[in-house]
Number of protein chains: 2
Amino acid sequence: MKLLRRYLPILEWGRTYDRNALTNDLVAAVIVTIMLIPQSLAYALLAGLPPEAGIYASIVPILLYAVFGTSRALAVGPVAVVSLLTASAVGQVAAQGTAGYAVAALTLAGLSGGFLMILGVLRLGFLANFLSHPVIAGFITASGLLIATSQLKHIFGIKAGGENLLEMVLSLFEHLGQTNLITLVIGVCATAFLFWVRKGLKPLLRRIGFGPRLADMITKVGPVAAVVVTTALVSTLHLDESGVSIVGAVPQSLPPFTLPDFSLDLVSQLALPAILISIIGFVESISVAETLAAKKRQRINPDQELIGLGAANLGAAFTGGYPVTGGFARSVVNFDAGAETPAAGAFTAVGLAIAAVALTPLVYFLPKATLAATIVVAVLSLVDFSILKKTWTYSRSDFAAVITTILLTLGLGVEIGVASGVVLSVLLHLYKTSRPHVAEVGLVPGTQHFRNVDRHKVDTNAGLLSLRIDESLYFVNARFLEDLIQNRVQEGTRIRNVVLMCSAVNEIDYSALESLEAINRRLKDMGIGLHLSEVKGPVMDKLKTSHFIDDLNGEVFLSQYRAWDQLTRFPYPVSSMDAASL
Amino acid sequence: MKLLRRYLPILEWGRTYDRNALTNDLVAAVIVTIMLIPQSLAYALLAGLPPEAGIYASIVPILLYAVFGTSRALAVGPVAVVSLLTASAVGQVAAQGTAGYAVAALTLAGLSGGFLMILGVLRLGFLANFLSHPVIAGFITASGLLIATSQLKHIFGIKAGGENLLEMVLSLFEHLGQTNLITLVIGVCATAFLFWVRKGLKPLLRRIGFGPRLADMITKVGPVAAVVVTTALVSTLHLDESGVSIVGAVPQSLPPFTLPDFSLDLVSQLALPAILISIIGFVESISVAETLAAKKRQRINPDQELIGLGAANLGAAFTGGYPVTGGFARSVVNFDAGAETPAAGAFTAVGLAIAAVALTPLVYFLPKATLAATIVVAVLSLVDFSILKKTWTYSRSDFAAVITTILLTLGLGVEIGVASGVVLSVLLHLYKTSRPHVAEVGLVPGTQHFRNVDRHKVDTNAGLLSLRIDESLYFVNARFLEDLIQNRVQEGTRIRNVVLMCSAVNEIDYSALESLEAINRRLKDMGIGLHLSEVKGPVMDKLKTSHFIDDLNGEVFLSQYRAWDQLTRFPYPVSSMDAASL
């Protein structure tokens, strides 16, 4: 039962569901549904899929997440970055508009769902941590720019392509002569209107007397006005006959049952993109979920979130959708609108199902330029270059990771961009730990505390060299320590004892153990004692399984102060003891 | 002048060179030369090259290393593992026995030399540390097995192939019917004799009255007896006419001037293998050099070693050789025979040059089975499975790296094997640091020292949670800390202050900084103070460049004892102070 409740969070919140929660959830669902209709169509366009795929991807996945997910406010569905990644991955195995393209998108969702499920069951959610904050920030910013640029062709009403920013911009200029002026007017006006809704509408509503919450809600559903007005214009003035691209016929149906193609050939081509989409989607989703949960002192279980998102993606794969995740904008709207439980998501799914059956004929004349405007305005809010300045001030290596991710994402595409960011972060971290900071320490007078001799006024002793090693000892820096001690001992000829203060040594791996053994042998040959102090429990447990402690030409002290106290008062206890046995 | 002396260590030892050193170096050179003649021919055979390539690879490279290298005893030339790597890399771009094969081997040496030079000049020798001790040990053992197996075909006198251990063994069985019995007798006798020389000759010589040093030297040159006897047998009994493979005509010449082929196509195919060969060769060489230097209290400069080995490989590329490095067996012989300076190497080069001009006709009838026996006996001494037991006892993750390296090297080849070992070591390290050990600490009574509450008898305080974080904080574990503190604070409802004891935190990267900011915000909302103690200088310097210290809802204490002292006596100083400003 406990296990069941762990895997089915719905059993937890379902028991206490009441009328009050129902009302709040229903209100939130209505608002989110109105907001999601144009957004779903737009993201499907971005993913290169027929518009209905966006709606379908918002129905069953939301229901499944409501059963398996742990966040009470997360709204799952198509999002901008994942749509872009889908277009990039599926575009490599099939041409847009073909049946193969839609099937590959299903396969991608299926693989992604399966991968998330496996991670969740094996409790491997920590893998997402390999995406550092700077890499994510750089990637999201670069993706936002790429997505906005990719939509300009719809606003100009031209055909253009390109895999990276440069190609896109060049292709736009090349086809600029074919601009459809009516489309451009619709696109530019819609964009301007949507920006104004975002920035200017709420203050205006407040000034004319609306309450803050109502003003907020109206602002969120404002984009629907652009959809309604431009659709009406195209429909009444027959602008489609003047070359304005429209959404066209969308089947009136509930999500169909679909089968992804899991042939070995397709799976091997889509496996890596699926992993990437899963991890990026998970990271985006969990950040939103944790932010919203913290506001209400609720807890998110990352491993269960993997299962929730995995189920949602599997749902998308079998009901005509494509990869989904928890979206930032829709989740915040859901939360602000008062959603209390995942039931709000379920009601949203019902609302979208009604829309899929009843409202699709109404979007026949909806211009693609309006959808493009929706996307442009949504993604430009993701673009934030301030991360460059922040990381530059704090840490050059984090800056290097951000700038690399941004430039490579823009120049070589999303997959190479984010992969390079991850690899570079890891390499920079290893580089930093390969040359650890080692401080010679002395006693802070009047205390039992030891600090760096170069930074603090401390007492030292010429016969005793105390080194604090500021890093775990492992293969990447094992030889470094050998060299360092050799050099320090040759400089200080009066040294009789070396103490390695291990308060910052969190691990000693086998390579480092062999290096310590070599150091011990060499110091012993020179008649110098080697001691350790403040070795942590887990490290000491491991050392005891080797011969190192037995062979040590010195002692292991509980604290650096005890080492200091004993070795300054009795300077050669160990070397004289051992001299007989040499 | 100082710079010149850094890059030309010969200027250092050359100034004090005297008659005594000359005598010792000459004696060592004679012994090493006698030992190297069969070995060079054998390793060329292993690399798939004509026998003279092995001799050429031992002449100019030794001379160049004598000028640029820092080790006084290292003997540079062809070695078993690098020969195997050469055969594997060159075999992928050309067929054995063709002119293209020999040229590709030159190119490989040239690329390797260039790469080593660049690493040396940029002082990037630490990159070699990515090969952990367990990975090297596993790789050397697996390579020894592969090499020994690859030579069995010469001992049986059959043609067999295979890229990995399984293929080799299967191919051997398949061709076993074609065994040449005379070859087999020669091969088995030579192998048995060489094993006996290694194990049984020295005790015998000592028993019949030879001095220990002389007995040792005779043992080292003993293998030449196998060469002389089997060559004489084949030559007088015309066994080559009965199908015994012989070395055949070897040109009588000094090393020729050769040009590697640096066409883009070949370079791109050989670049990765060249990097691998360089790093493995460097690691093998530097281990030998440091071991020997430590015995005489001499110093090795790793970056200058890169330049020395780089020069040696460039020399090999332009004089008909193939990739070389400092060999273990020959360097130890050189050292034991009394070599005092790199001049011993130069004299060895002269000796081999004389051999190349005068002695090559004498090896015409040398059976390849004898050379194969030389290789088998040499490499089986490299095979050492004890590393499996040692790492199993000490650390499961080191064991995983060893076993993976061994199995993949045997099963998929040397390049994949060693690369997988490196990647796995890095991933395991990251995994370990992703879930750091965090100890709740208390005061050891009567001291100012704090230790883990679960391991030591210590004083604690219900209002104060002191956590010692046993890891640097960086992107891989940033979220872990957030979750951990959230959980601990929710468990302990009386907690008023949290102190993060940072004695083991060697770095806080930008991702971790953002996590700390989030922790600070959440604790502040709950009316709990967040404090740091024992923050190291370099970490504090970085934190000061951000707003974190200003925003901190608490203090930074120099020592954990001061934090304890103040926060147990005045439990809510910070939260009450800040309550006004909330």
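Let's start with Arg123(A), which sits in the loop between α7 (99–121) and α8 (133–156) of chain A; helices (H or I, at least four residues) and strands (E, at least two) are DSSP runs numbered from the N terminus. This is a predicted model, where local features need pLDDT of at least 70, side-chain atom pairs count only at pLDDT 80 or more, and totals for chains, interfaces and linings use all residues. Residues are numbered from 1 along each chain as its sequence is written, chains are lettered from A in the order in which they are written, and side-chain values use heavy atoms, leaving out hydrogens and water.

**Positive phi angles**
- Arg123(A) isn't a glycine, yet has a positive phi of about 55 degrees.
- With 39% relative accessibility, Arg123(A) is partly exposed; buried means under 20% relative accessible area, exposed over 50%, and partly exposed in between (1.4 Å probe, protein chains only).
- Glu534(A), another non-glycine, also has a positive phi of about 55 degrees.
- Glu534(A) lies in the loop between β7 (529–533) and α23 (537–544) of chain A, and is buried at 14% relative accessible area.

**Domains**
- Chain A splits into domain 1 (21–407) and domain 2 (438–579), with bounds from an automatic or database domain assignment.
- The C-alpha centres of these two domains of chain A lie 56 Å apart.

**Helix α10**
- Trp196(A) is found in helix α10 (residues 181–207) of chain A.
- Trp196(A) is partly exposed, with a relative accessible area of 40%.
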